[in-house]
Amino acid sequence: GDVYKRQYQRRVRGDVIFFLIRLMQHPTLAPTSAPWANDTTLAGDWFYELTPYSWGAIGASFAIAISVAGAAWGIFITGSSILGAAVKVPRIRTKNLISVIFCEAVAIYGIIMAIIFQSKLKDVGHFGDFVPKDYYSGFALFWAGITVGLSNLACGVCVGITGSGAALSDAANPALFVKILVIEIFGSALGLFGVIISIVQASNADFVGNGRSK
């Protein structure tokens, strides 16, 4: 039974990969509005079926969604440890809440970046009247959202695990709390690196349209 199950899983994965490759290579999927519509040599032409608005909006969504996931994951890790250890040592409840605050700050990073990305989406007039600058802007916002989202996801998990260790260590030895808190502060700064780079990525994003092309 396990052999047939593994064979079936490999076959399904192979079919999915083959479908995706064929989908990317299909020349009829190139949009007529894209500047690259007549170039069928690019395997990724079908990406241009999505408008620059869509790419920018998806980037903003990923920025907030993945950041919130990282914050929730971190709060789940550190919060459960705080509650569990507080049953035995109630004194750790108050000061270890700072770990939860650090995790929540990760979600705030995502909110700020999503607002910035959304503010860059401008009306270009006639829908579909896009120029290469608009596609650049859409892709820049998309990948900037991925950058800040994944950075905050890693940051949230890092702070959550470190905060969990801080709570358990504080329960065993109060002198260890400040030392581990310093490590947690450095871990929370990791999300700022993603925020800075995403700002740089999206700094030149500007939807100009055919009528206002630079």
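Begin by selecting helix H2 (residues 52-88) and helix H4 (residues 132-172), which pack at an angle of about 0 degrees with their axes 7 Å apart. Helices here are DSSP runs of H or I with at least four residues, numbered from the N terminus, and the axes are lines fitted to C-alpha atoms over the stretch in contact, with angles running from 0 to 180 degrees between N-to-C directions. H2 is therefore roughly parallel to H4, a term for angles under 35 degrees.

This is a predicted model, in which local features need pLDDT of at least 70 and side-chain atom pairs count only at pLDDT 80 or more, while totals for chains, interfaces and linings use all residues. Residues are numbered from 1 along each chain as its sequence is written, and side-chain values use heavy atoms, leaving out hydrogens and water.

Next, select Met113, Phe117, Leu141, Val148, Val195 and Ala202, which touch the most other members of the largest nonpolar core, a set of 16 residues. Such a core joins buried Ala, Val, Leu, Ile, Met, Phe, Trp, Tyr and Cys residues through side-chain atoms within 4.5 Å, where buried means under 20% relative accessible area, exposed over 50%, and partly exposed in between (1.4 Å probe, protein chains only). H4 gives the most to this core, with five residues.

Finally, select Lys122, in the loop between H3 and H4. Is Lys122 buried or partly exposed? With a relative accessible area of 41%, Lys122 is partly exposed. Leaving aside neighbours within four places in sequence, Lys122 is in contact (heavy atoms within 4.5 Å) with Tyr53, Asp206 and Phe207.

Technical notes. Helix = DSSP H or I, 4+ residues; strand = E, 2+ residues; numbered from the N terminus. Parallel < 35°, antiparallel > 145°, perpendicular 65-115°, else oblique.
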